[in-house]
Amino acid sequence: MSDVLTVPRSRRTIELFLLLLALAVAVGANYLAGIGREEPFGDYFWSQAITLGIMSLFIHVILRVKAKYADPVILPIVVALNGVGLAMIHRLDLSAAQVNPDFVQVAPQQVLWTAVAMGSAAILLIVLRDHRILRRFTYISLIVSAILLLLPLTPLGLEINGARIWISVGFGTFQPGEIAKITLAIFFAGYLSTNRDLILLAGKKIGPLQLPRFRDLAPMAAAWLVSIGVLIFQRDLGSSILFFGLFMVMIYVATSRVSWVLIGLAMIGVGVFVALELFSHVALRFDSWINAFAPEVYDRAPGGSAQVVQGLFGLANGGLIGTGLGAGRPDLVTYANSDMIIAALGEELGLIGVVAIVMLYVLLVSRGIRAALGTKDGFGKLLACGLSFTIALQCFVVIGGITRLIPLTGLTTPFMSAGGSSLLANWLIVALILLISETARRPAPSAPMKDSFPEALGVSGKPKKSAKETTR
Amino acid sequence: MSEAGELTVTLLRFGFLILLWILVLSTVGALRRDLVVGRRNKVGTPTAREIRKNPELVEEPPPARAAAHRLVVTEGPLTGTTLDLAASPILLGRAQEATLVLEDDYASGRHARLFPQGSRWFIEDLGSTNGTYLAGAQLTRALPVEPGVPIRIGKTVIELRP
C-alpha cells in the first residue's frame, strides 16, 4: 500500500471543512439534548461549543504549522465523537437533576477534561516532532507501565464497584491503566521492531507452524502476567483483555506467525478457565451474559444482568430512527453516561445514528492502520497499529457487551464515556497517530531521484567504451 | 409544547441524523484518493499551482531508449554467459537460489538484485560484503541501469544488452 503514488498535498483545507462539519454535529447534538428541558443556549451550551471550537481550531492550526501532511480526517472524527459524548452526558445530567435536585452534574467536569485532554494532545504535537524519538524510551516505558499498573494497589488506590483501578489525585480520581496502554504499546513496538528478525528466524518448525524459541516467549509471558495480574488484583476484566489483545496484535503484525496467535489464545483460554473457577465476579459476569433474561439473574444484587437488559430495552425502544435526543429514557440504565453510553445513544439516535457513530470509529481506526501502512519505520508501523487497535478493541468490547454479543466488561467507550483519564489517554493516542500519519504522508525530503543520477551512466546513449575503462 | 414547536423539534432531530451521516459520507469522500492502490490515479496529477510550488513534481516523459533484453557477463569466470531478461527480477550471488550463480570468491551469497520497473531495469545491492559497482561507482541505493553500462560484482562484470 505504501507504493500508492500520489502527489503530496497537505489537505489541511479539507480538514478545516470536515472540522466545521464535526463541530456542527457536536454543537447540534448539544442543542437538541437540552431542548425542552432547559433554557436554550444556556451556560453549558456555550462552554461546550466554545471549548470544542477553540481547542479543535487550535490543534488544526498546530497541524498546519508543525505537521502539515498529517491525516486530514482524524481530527474531525474525534471532535465529533467527543462532542456527541459531551452532549449525551449533559442530557443524562438533566434527567438526573429532575429526579434529584442535589445531583452534581458530570458534564461540566467532562468539558474541563476535554479541554485538558485536547491541550495535552496539542502539547504532545508541539513537543514531540517525530514519533521515532519514543523508541529511545522502550524500556523506560516498560518501567513506567509497571508503575502505573501497580499504583492502584498502593495506598493511593481506590476501590470503586469492586474494581481497584483508580487512584485519588488532588482534585478527583484517575485511572492510570489508561495511560499504561500507551506506554505498553510504545514498549511492545520498540521491543518487537528491534527483535523482530530474531523472533522470526529462530525456532523449530513443526508442520506448517514455526514455533518460537522459549526465550522469545518471555515478553509474551510478561504480557500474560500483566493481564492476569490486572484481573486478579484489580478485578478489571476489560483492561485485562485490552492489554493482552494489544500484545497479541502487535506480535502478529510484527511476525505474521499464526503460531503466536495460537499460543496466545491457548494462554488466554487457560486464564479464562482459571478466572472462572477462582473468581466469583467473572463467573457471575458470564452467567448474567448467557441467562440475562432470567428473573433471578436480573434481580441478583451483585452481578445481576439488570444493567445490560435495561440497555437492550433502551435500544429496542429507540428502534431504527431513535426517540430523538432528549426524548428517551436512557437515564433508567445504571452508568448510562460511562459504560452504557452507546446504549443511551442507541435509544435516542436509533440504529441509524449508532451505525453512523460506529462508522466514525471504523474510519478512525482505518486511518490509524493506513498511517501504519504508509510510514516507513518499523517502530512507527507497530505503534500506529497497536494504538489504533486499542481503540478498535475497546469499541468492540463495549459495544459487543452492550448488545450482548460478549459478556459486558467495564471498558470506556473511547472519546465518549464520562471519565477524564480515558479521554486524556485517547487524545494522546490521537496525537501520536497524527504524528505517525505525518511521516507516512510527507514527501521524502531528499532530492528527487532523477536529478541525482551520475552523469557517467550515459543516459542519452553516449558511447559506452569509456565507461568500461572506469571499472578497471 | 405547541404543535408547531413539536414539529420543529422532530424535524431538527431528523436533521441531526442527516447531519451525522453527511459528516460520515464527506469523510469517506475525502478519503477516496486513498482507495486507489498501486497505480497513479487521475486525482493525483499535480495542478499548475502545485507544480509552481514544488517544481520536482513535474514528470518528464521518459527519454526514448532501447529496452534491455539480454544480460551478458563480460568479465570474470563466467565470461560469455548470457541470460534473457524477462519481466521478473534477477538475483545475483553465490547462493544456489540465485538466478545467475556467480562462482566468484568476492561475491556474497545474495549479492545484488536486478529488477524491472516501468521500462527500465534497476540494480540494488543486497547488503553485500564487497559492494556492487555501477559504472565504477559503488551503489548505495537502487539505481537504473542503461544497456551497455558495466556492473561489477567481485571479479565479475555484467552488462545489459538491448
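The model is predicted.

**Entry: domains of chain B**

I looked up the domain assignment of chain B next. It gives domain 1 as 1-37 and domain 2 as 70-161. I noted 59 Å between the centres of these two domains, taken over C-alpha atoms.

I then returned to the UniProt record. Its unreviewed entry lists residues 90-139 of chain B for "domain: FHA". I read 0% helix and 46% strand over residues 90-139 of chain B. The end C-alpha atoms of this stretch are 17 Å apart.

**Entry: sheets of chain B**

I traced an open sheet of five strands in chain B, in the order β4-β3-β5-β6-β9. Its pairing is mixed. Which strands stand at the edges? I found β4 (100-101) and β9 (143-145) of chain B there. Each has a single partner strand, so one side of each is left without a neighbour in the sheet.

I followed β4(B) to its pairing with β3 (residues 90-93) of chain B. Two bridges join them, and the strands run parallel. B:Leu92 stands opposite B:Leu100 in β4(B).

I also traced an open sheet of six strands in chain B. The order is β2-β1-β11-β10-β7-β8, and the pairing is antiparallel. Here β2 (82-84) and β8 (137-138) of chain B stand at the edges. Each has a single partner strand, so one side of each lacks a neighbour in the sheet.

Inside that order I picked β7 (residues 132-134) and β10 (residues 151-153) of chain B. Three bridges join them, and they run antiparallel. I noted B:Ile151 in β10(B) as the bridge partner of B:Leu134.

**Entry: domains of chain A**

I turned to chain A. Its domain assignment gives domain 1 as 9-127 + 279-442 and domain 2 as 133-268. The C-alpha centres of the two domains of chain A lie 24 Å apart. I counted the contact: 23 residues of domain 1 of chain A meet 29 residues of domain 2 of chain A.

Which elements give two or more residues to the domain 1 side? I found α10 (280-290), α14 (378-402) and α15 (420-441) of chain A. The largest share comes from α14(A), with twelve residues. By class, this side of domain 1 of chain A has 13 nonpolar, nine polar and one charged residues.

**Entry: a hairpin in chain A**

I looked at β1 (residues 157-160) and β2 (residues 163-169) of chain A. They pair in the antiparallel sense over three bridges. A:Leu158 stands opposite A:Trp166 in β2(A). The two strands, β1(A) and β2(A), form a hairpin with two residues between them. In the turn, A:Asn161 has a positive phi of about 50°.

**Entry: a helix pair in chain A**

Last, I checked α2 (residues 43-66) and α4 (residues 107-127) of chain A. Their axes are 10 Å apart, and they pack at an angle of about 5°. That makes α2(A) roughly parallel to α4(A), because angles under 35 degrees count as such. The contact residues of α2(A) include A:Leu52, A:Met55 and A:Ile59. Those of α4(A) include A:Val111, A:Met118 and A:Leu125. I sorted the contact by class: 15 nonpolar, six polar and one charged residues.

How values were computed. Residues numbered from 1 in each chain as written. Chains lettered and ligands numbered in written order. Predicted model: local features only at pLDDT ≥ 70, side-chain atom pairs only at ≥ 80, totals over all residues. Domains from an automatic or database assignment. Contact = placed C-beta atoms within 7 Å. Helix = DSSP H or I, 4+ residues; strand = E, 2+ residues; numbered from the N terminus. Nonpolar A, V, L, I, M, F, W, Y, C, P; charged D, E, K, R; others polar. Pairing = 2+ DSSP bridges. Axes fitted to C-alpha atoms, helices over the stretch in contact; angles between N-to-C directions. Parallel < 35°, antiparallel > 145°, perpendicular 65-115°, else oblique. UniProt positions renumbered as here; feature names shortened; annotations may be inferred.
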